[in-house]
Amino acid sequence: MTGLRLWGYVAAAGVLVALIVLPQSLKPYGIALLSRWAVMAIAAVGLNLTLGYAGQISLAQAAFLGIGAYTTAILTTNGYPFWSALLLAGGLGFGVGWLLGYPALRVQHHYLAFVTLAFMTMAYLVFRNEAWLTGGVFGINRIPRPSFFGWSTAKPLTYYYVCLGALMIVLAGAWWMIRSPWGRAFVALRENPRRAMSLGVDIRSYTLLAFAFGAALGCIAGVFFAPLVEFVDPSSFTLADSLGLLLMVVVGGSGYFFGPLLGAMVAVLLPEWLRMTQGLYLICYAVLVMVLMVFCPSGIFGLFDKAVRSFNRSAPLAIGKEARR
Amino acid sequence: MAGLLQLLVSGLATGATYALVAIGFTLLWQTSQTINFAQGEFVMVPAFIVLAAMRFLDFSLWPALALGLFCSLLLLGFLFKRLLVDPLLKHGVLPLVIATIGLSILAKEVVKNYYSGEAQRFPALISGDTIPLGGAVLSVQDLINLTVAVAAVALLQLFLARTETGRRMQATAQNRTVAAILGIDVERMILYTFLLNAALVCLAAYLITPVYLATYSIGEGLGLVAFTAAIVGGFNQVRGAIVGGFIVGIAENFTAVYVSTQYRTAVPLLLLVAIILFRPQGLLGRAEERTT
Amino acid sequence: MSAVLEVSELRKSFGGITAVDGVSLSVDEGEIVGVIGPNGSGKSTLFDCILGQLLPSAGTVQVDGREVTGMRPCDLNRLGVSRTFQMLQVFPQLSVRENLILAGQEHRGSMLARLLGAGDAGLGPSAQNMIEFFRLQHLADEFAGELSYGQQKLLDVAMAFMSGPRLVLLDEPAGGVNLTMLATLRERLRDINREQRATFVVIEHNMDFVMSLCTRIIVLAQGRVICEGAPEAVRADPQVIEAYLGH
């Protein structure tokens, strides 16, 4: 273990402690923001699996967020327990994501972007039009926050810890998967599918799995999203939201384990930091994205890597590049 | 029957303007592997430059149009290539896609914040009303759009096929390396392509906005249309983009009438997904590589 | 002795061009067969057809007496058939060690076991052996993309052996490799051939390399086998000289 890597772990532990302690002294609005970050980070971690590691572009992550959120809204407002929503949404996401992976077996790059974009549009239309199920444009409100074994999570701070806990569990699972032979196969699929195939890597299964797990995490994020905002309507699950999630992954650093966490933080907090500019934060964000792409397309983590390596040529690539060294 | 003719003409008119946007989109893809997610916003920008020139600088229509064209050549052609595409090309397709997504957000937000979030009337190039024809009522604007767009496409085809520069541009689009070996100034040809795209979207803006009104969000649909048309025709074919543009335009006008409005936008998308899956090279394109 | 690889009447056309035109060949266990021929004689296409990367237009391929024509490359690989490519094909963003583990992991356990089991799929020791065998110790934890061309080429070949294959098809293993490394490569290939009874088919342009390595040579020209035999016999065959120098 190199010193640098050790510092990486120390930093991660420090951030975790801050995430646990800091919100105690925050106003409800700040807590709501952090909760939102945790939820979006789950979806972004999923997309990072599909895009960053397996190299399959998807413009449909917000659709899965929506599927998860609507599943939760419908089930919990009808008296079913939160757990059932979590299981059903996770399974649904896995299944639908698996199916969405099939086009990726035939087409790549821009075509795949288009197919997933079409799926996104379809999902949005279903959310909006099937009023008997989704409440149409009015959406579904009064979504209850879950209680576990009689322990209510209705308070913002409590629910924040639920979201944070979910994020940590997801991160642990993703870390395991990335470090397992699967993670290696995903990277191989991204870098050279033809060669991977000749080494016995079943490209078909791994492509479908990358989509299925990415989508399942999108849905799980949706499950925690619905009780957080206590109200779902179609406007939260548009193509723009999918692009937003894509930006989170890329801005943080796609293919870096902690990239999506940072990307989601930027996307959620930037509007607040730039509040004095009023409506202009999107302009700043857009410019930031373009500048970042021009100077460092591997995102903020890539920038960090570059900085470290310019100090020390022999330093290994920083924290969690592929999380695999 | 009369209704059908009416639909067909307006479909063709819409399709012709779509073709302009789609041609530019495929040209950029061919010469520089740029999937321009801001192509729709590229149509919106010149319209608002014209409106701004008329409102703030008291330009009359035609000088404002000229200024709009000049600015789009500069902004959407030259600067877009120099500042965004050139530095990003070496990093592959994805960063450039992301950057153009950023650019589209930027364009929309600037217009929304500094001009207006409301739909704006855009003056028609030639004022006219409707012409009755055998029971059908044809809009003059439709006919003008159709004529101008078809003329532009024809001129463009002539330019690409018959002139020295046009052929060099095609050679560059088809195989950059060989073109460079043959002594073609590849960089210059790519710049021409970007300028050509800027001119095409500008023309499209002047034709589309009088019909659909100018809003900051008009590009969202248009970008999708360009993408769609390019896929229908095949990414590696200019002719494909033209056919694709017309098919999408007509399909859109017909589904608007014959398919439930709720799922209207889905119809062309689903058709396209089918095309992508069963004929990924497009209707006219040639297969580029074997899929495994 | 039985045939490990049996190709009969294999044909592949692209549009009007016939790249492989009725090739039949048979390779016995433990042989090192060289496939040579001028550029465009159909060598790489023949490999691609044998390995399922391309679907042959006609003809059959059998491995160990089992028909495998058109089988997916990954399934064929699990039957013990491995290959390298003409162009360098390593995974630049994985370390040397990771590249090797990847090359063996799909032969271990079930899909689920690969997710839940050890990160190196139990291949750590054999990857280490392979690293030492190909003398890549000092580079083991570098990204493959940061190695020199020759080193990557060695890694590329090493990867083909991680799954303990019965039959390995090598497409120009010596291309662009310097003389010292070439000697290492030849030595290693012979060792593996002797110790593991692995069978090789080698496409190569470097005549010295192929003549000194192979036990039998097959010459292709314009998609057909024009000559076959021991290295010395092939070297002297007027038809072969004609094919290389003629037209």
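This is a predicted model: local features need pLDDT of at least 70, side-chain atom pairs count only at pLDDT 80 or more; totals for chains, interfaces and linings use all residues.
Residues are numbered from 1 along each chain as its sequence is written, and chains are lettered from A and ligands numbered from 1 in the order in which they are written.

Two pairs of chains touch, and of these the pair of chains A and B has the most contacts, a contact being two residues whose C-beta atoms, placed from the backbone, lie within 7 Å. Chains B and C do not touch, and their nearest C-alpha atoms are 8 Å apart. Where chain A meets chain C, 23 residues come from chain A and 28 residues from chain C. On the chain A side, the elements that give two or more residues are α7 (156–179), α8 (181–191), α9 (193–198) and α10 (203–229), with α8(A) giving the most, seven residues; helices (H or I, at least four residues) and strands (E, at least two) are DSSP runs, numbered from the N terminus. That side divides into ten nonpolar, five polar and eight charged residues, where Ala, Val, Leu, Ile, Met, Phe, Trp, Tyr, Cys and Pro count as nonpolar, Asp, Glu, Lys and Arg as charged, and the others, Gly among them, as polar.

Helix α10 of chain A also holds Ala216(A), which counts as buried because it has 25 C-beta neighbours inside 10 Å; the cut-offs are 20 or more other C-beta atoms within 10 Å for buried, 12 or fewer for exposed, and partly exposed in between, with C-beta atoms placed from the backbone. Leaving aside residues up to four places away in sequence, Ala216(A) touches Gly90(A), Gly93(A), Phe94(A) and Gly97(A).

Elsewhere in chain A, helix α3 (residues 61–77) packs against helix α11 (residues 239–252) at an angle of about 110°, with the axes 7 Å apart; axes are lines fitted to C-alpha atoms, for helices over the stretch in contact, and angles run from 0 to 180 degrees between N-to-C directions. α3(A) is therefore roughly perpendicular to α11(A), a class that covers 65 to 115 degrees, whereas under 35 is roughly parallel, over 145 roughly antiparallel and the rest oblique. Gln61(A), Ala62(A) and Ala63(A) of α3(A) make this contact with Asp241(A), Ser242(A) and Leu245(A) of α11(A).

Chain C, finally, has ten helices and ten strands, and 45% of its 247 residues count as buried.
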